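The sequence and structure are shown first.

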Amino acid sequence: MQDQELIDEYRRVLGLFPTGVVVVSGLSDGTPVGLTVQSFMALSLRPPMILLSVDRKSTSWPLIAATGKLAVNVMAADQGDVALTFAKSGTDKFAGIPWTPAPHTGVPLIEGCQAWIEGEVACTYDGGDHVIITVDVLTLHAGPDAQPLVFFRSAFRQLDQPSLVAG
Ligand SMILES: Cc1cc2nc3c(=O)[nH]c(=O)nc-3n(C[C@H](O)[C@H](O)[C@H](O)COP(=O)(O)O)c2cc1C
(Lines give C-alpha, C1' and ligand atoms only; values in the text may rest on other atoms or scores of the structure.)
Protein backbone atom coordinates (compact mmCIF):
# COMPACT_ATOMS: atom_id res chain seq x y z
CA MET A 1 0.00 0.00 0.00
CA GLN A 2 1.16 3.54 -0.73
CA ASP A 3 1.75 5.69 2.36
CA GLN A 4 -1.31 7.93 1.90
CA GLU A 5 -3.49 4.95 1.07
CA LEU A 6 -2.35 3.24 4.28
CA ILE A 7 -3.06 6.35 6.34
CA ASP A 8 -6.55 6.72 4.82
CA GLU A 9 -7.26 3.06 5.51
CA TYR A 10 -5.86 3.38 9.05
CA ARG A 11 -8.31 6.24 9.73
CA ARG A 12 -11.22 4.29 8.23
CA VAL A 13 -10.44 1.03 10.03
CA LEU A 14 -9.60 2.56 13.43
CA GLY A 15 -12.78 4.67 13.14
CA LEU A 16 -14.71 1.40 13.29
CA PHE A 17 -13.50 0.87 16.85
CA PRO A 18 -15.97 2.70 19.13
CA THR A 19 -14.60 4.49 22.18
CA GLY A 20 -15.77 6.72 24.95
CA VAL A 21 -14.62 10.33 25.06
CA VAL A 22 -12.77 12.05 27.92
CA VAL A 23 -11.42 15.50 28.60
CA VAL A 24 -7.97 15.40 30.23
CA SER A 25 -7.66 18.47 32.45
CA GLY A 26 -4.98 20.10 34.55
CA LEU A 27 -3.81 23.43 35.93
CA SER A 28 -1.10 25.67 34.51
CA ASP A 29 -0.14 28.43 36.96
CA GLY A 30 -3.64 28.13 38.38
CA THR A 31 -5.32 28.38 34.96
CA PRO A 32 -7.45 25.39 33.91
CA VAL A 33 -6.34 23.66 30.70
CA GLY A 34 -7.48 20.51 28.92
CA LEU A 35 -7.97 18.53 25.73
CA THR A 36 -10.36 15.97 24.35
CA VAL A 37 -9.00 12.42 24.16
CA GLN A 38 -10.42 9.11 22.98
CA SER A 39 -7.22 7.07 23.44
CA PHE A 40 -7.86 6.33 27.09
CA MET A 41 -8.03 2.92 28.75
CA ALA A 42 -7.84 1.04 32.00
CA LEU A 43 -4.32 -0.29 32.57
CA SER A 44 -3.62 -1.81 35.99
CA LEU A 45 -5.77 -2.70 39.00
CA ARG A 46 -2.97 -3.26 41.57
CA PRO A 47 -1.70 -0.58 41.61
CA PRO A 48 -4.57 1.31 39.98
CA MET A 49 -3.30 2.88 36.75
CA ILE A 50 -4.79 4.24 33.53
CA LEU A 51 -3.26 4.95 30.12
CA LEU A 52 -3.63 7.81 27.63
CA SER A 53 -2.00 8.76 24.39
CA VAL A 54 -1.58 12.37 23.31
CA ASP A 55 -0.46 13.91 20.03
CA ARG A 56 2.99 15.53 20.20
CA LYS A 57 1.36 18.62 18.61
CA SER A 58 -0.95 19.13 21.60
CA THR A 59 -0.47 22.56 23.16
CA SER A 60 -2.29 21.74 26.41
CA TRP A 61 -0.49 18.49 27.20
CA PRO A 62 2.95 20.05 27.91
CA LEU A 63 1.25 22.39 30.40
CA ILE A 64 -0.42 19.45 32.16
CA ALA A 65 2.76 17.33 31.98
CA ALA A 66 4.75 20.13 33.65
CA THR A 67 2.75 19.56 36.85
CA GLY A 68 2.18 15.83 36.34
CA LYS A 69 -1.30 16.19 37.87
CA LEU A 70 -4.45 15.58 35.86
CA ALA A 71 -8.06 14.53 35.81
CA VAL A 72 -9.81 12.39 33.24
CA ASN A 73 -13.39 13.63 32.83
CA VAL A 74 -15.58 10.96 31.22
CA MET A 75 -18.05 12.73 28.95
CA ALA A 76 -21.76 12.04 29.30
CA ALA A 77 -23.95 11.64 26.20
CA ASP A 78 -25.14 15.26 26.38
CA GLN A 79 -21.57 16.67 26.50
CA GLY A 80 -20.72 16.49 22.79
CA ASP A 81 -20.43 20.29 22.77
CA VAL A 82 -17.95 20.15 25.67
CA ALA A 83 -15.88 17.49 23.86
CA LEU A 84 -15.80 19.69 20.73
CA THR A 85 -14.80 22.75 22.74
CA PHE A 86 -11.82 20.90 24.21
CA ALA A 87 -10.81 19.60 20.77
CA LYS A 88 -9.98 23.11 19.51
CA SER A 89 -6.43 24.32 20.13
CA GLY A 90 -5.63 27.85 21.20
CA THR A 91 -9.06 28.80 22.53
CA ASP A 92 -10.23 29.71 26.03
CA LYS A 93 -11.66 26.24 26.49
CA PHE A 94 -12.88 26.66 30.08
CA ALA A 95 -14.89 29.84 29.35
CA GLY A 96 -18.45 28.99 30.38
CA ILE A 97 -17.51 25.50 31.58
CA PRO A 98 -18.35 25.04 35.27
CA TRP A 99 -15.80 22.97 37.21
CA THR A 100 -14.76 22.13 40.73
CA PRO A 101 -11.26 21.35 42.06
CA ALA A 102 -10.32 17.69 42.49
CA PRO A 103 -9.77 16.67 46.13
CA HIS A 104 -6.03 15.84 46.06
CA THR A 105 -4.57 18.06 43.36
CA GLY A 106 -7.14 20.79 42.66
CA VAL A 107 -7.21 19.97 38.94
CA PRO A 108 -10.52 20.77 37.21
CA LEU A 109 -13.43 18.33 37.40
CA ILE A 110 -15.94 19.30 34.72
CA GLU A 111 -19.51 19.50 35.98
CA GLY A 112 -21.98 17.08 34.45
CA CYS A 113 -19.41 14.48 33.42
CA GLN A 114 -20.31 10.86 33.86
CA ALA A 115 -17.29 9.98 35.97
CA TRP A 116 -13.87 11.36 36.83
CA ILE A 117 -10.45 10.02 37.72
CA GLU A 118 -7.78 12.10 39.42
CA GLY A 119 -4.17 11.02 39.00
CA GLU A 120 -0.47 11.73 38.62
CA VAL A 121 1.70 10.93 35.62
CA ALA A 122 3.77 7.79 36.27
CA CYS A 123 5.72 7.32 33.00
CA THR A 124 5.72 8.48 29.39
CA TYR A 125 6.77 6.39 26.40
CA ASP A 126 7.39 6.99 22.73
CA GLY A 127 4.32 6.30 20.61
CA GLY A 128 5.29 7.58 17.16
CA ASP A 129 3.65 10.95 16.64
CA HIS A 130 1.92 10.47 20.04
CA VAL A 131 3.19 10.15 23.60
CA ILE A 132 1.93 7.20 25.67
CA ILE A 133 1.23 8.26 29.25
CA THR A 134 0.64 6.02 32.24
CA VAL A 135 -1.08 7.58 35.23
CA ASP A 136 -1.28 6.51 38.89
CA VAL A 137 -4.87 6.84 40.08
CA LEU A 138 -5.30 8.92 43.25
CA THR A 139 -9.08 8.92 43.50
CA LEU A 140 -12.06 8.36 41.25
CA HIS A 141 -15.80 8.83 41.24
CA ALA A 142 -18.84 7.82 39.21
CA GLY A 143 -21.59 10.40 38.84
CA PRO A 144 -25.31 9.74 38.66
CA ASP A 145 -26.18 6.93 36.25
CA ALA A 146 -26.08 8.48 32.77
CA GLN A 147 -25.44 7.51 29.18
CA PRO A 148 -21.84 7.85 27.95
CA LEU A 149 -20.74 9.87 24.95
CA VAL A 150 -19.50 7.43 22.29
CA PHE A 151 -17.20 8.24 19.34
CA PHE A 152 -17.65 6.00 16.30
CA ARG A 153 -16.95 6.63 12.60
CA SER A 154 -15.98 10.26 13.24
CA ALA A 155 -19.26 11.08 14.99
CA PHE A 156 -20.56 11.38 18.54
CA ARG A 157 -23.24 8.83 19.35
CA GLN A 158 -25.24 7.45 22.25
CA LEU A 159 -25.78 3.85 23.26
CA ASP A 160 -29.32 2.85 22.43
CA GLN A 161 -29.22 -0.94 22.56
CA PRO A 162 -30.01 -3.10 25.58
CA SER A 163 -26.86 -4.49 27.21
CA LEU A 164 -25.50 -7.96 26.53
CA VAL A 165 -23.81 -9.89 29.30
CA ALA A 166 -20.02 -9.84 28.82
CA GLY A 167 -18.61 -12.52 31.11
C1 LIG B 1 -13.49 12.68 19.63
C2 LIG B 1 -12.08 13.19 19.67
C3 LIG B 1 -11.07 12.38 20.17
C4 LIG B 1 -9.75 12.83 20.24
N5 LIG B 1 -8.80 12.01 20.76
C6 LIG B 1 -7.53 12.45 20.90
C7 LIG B 1 -6.54 11.63 21.50
O8 LIG B 1 -6.80 10.49 21.90
N9 LIG B 1 -5.28 12.15 21.65
C10 LIG B 1 -4.97 13.41 21.21
O11 LIG B 1 -3.83 13.82 21.37
N12 LIG B 1 -5.89 14.20 20.60
C13 LIG B 1 -7.16 13.74 20.46
N14 LIG B 1 -8.10 14.54 19.87
C15 LIG B 1 -7.70 15.82 19.31
C16 LIG B 1 -7.44 16.90 20.36
O17 LIG B 1 -8.55 17.05 21.23
C18 LIG B 1 -7.17 18.21 19.60
O19 LIG B 1 -6.01 18.04 18.82
C20 LIG B 1 -7.03 19.42 20.49
O21 LIG B 1 -7.05 20.56 19.66
C22 LIG B 1 -5.76 19.48 21.27
O23 LIG B 1 -5.82 20.67 22.01
P24 LIG B 1 -4.55 21.36 22.61
O25 LIG B 1 -3.70 21.87 21.46
O26 LIG B 1 -5.10 22.46 23.46
O27 LIG B 1 -3.82 20.32 23.38
C28 LIG B 1 -9.41 14.12 19.79
C29 LIG B 1 -10.44 14.95 19.28
C30 LIG B 1 -11.75 14.49 19.22
C31 LIG B 1 -12.83 15.40 18.70
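The entries below record each look-up in turn.

**Entry 1. Kind of model.** I note at the outset that this is a predicted model.

**Entry 2. Cysteines.** I asked how many disulfides the structure holds. I found 0 disulfides.

**Entry 3. Salt bridges in the whole structure.** How many salt bridges does a search of the whole structure find? The search gives 4.

**Entry 4. E9 and R12.** Where do E9 and R12 lie? Both are in helix α1, which covers residues 3–14. They are 3 residues apart, about one turn of the helix. I then checked accessibility. E9 is partly exposed at a relative accessible area of 28%. R12, with 51%, is exposed, because the cut-off for that class is over 50%.

**Entry 5. D126 and R56.** I recorded a salt bridge between the side chains of D126 and R56, with an N to O distance of 2.5 Å. Which parts of the chain does this pair tie together? D126 belongs to strand β9 (residues 115–127), while R56 is in the loop between β5 (49–55) and α2 (61–67). The pair therefore ties together parts that are 70 residues apart in sequence. Is D126 buried or exposed? I found D126 exposed, with a relative accessible area of 60%. For R56 I noted 47% relative accessibility, which counts as partly exposed.

**Entry 6. E120 and K69.** I looked up the salt bridge of E120 with K69 and recorded 3.4 Å between the closest N and O atoms. E120 is in strand β9 and K69 in strand β6 (residues 69–74), so this pair ties together parts that are 51 residues apart in sequence. I checked the accessibility of each partner. E120 has 30% relative accessibility and counts as partly exposed. K69 also counts as partly exposed, with a value of 30%.

**Entry 7. Strand β9.** D126 lies in strand β9 and is paired with R56 in the loop between β5 and α2. E120 lies in strand β9 too, and its partner K69 is in strand β6.

Key. Residues numbered from 1 in each chain as written. Predicted model: local features only at pLDDT ≥ 70, side-chain atom pairs only at ≥ 80, totals over all residues. Heavy atoms only, no water. Disulfide = S-S within 2.5 Å. Helix = DSSP H or I, 4+ residues; strand = E, 2+ residues; numbered from the N terminus. Buried < 20%, exposed > 50% of the residue type's maximum accessible area, 1.4 Å probe, protein only.
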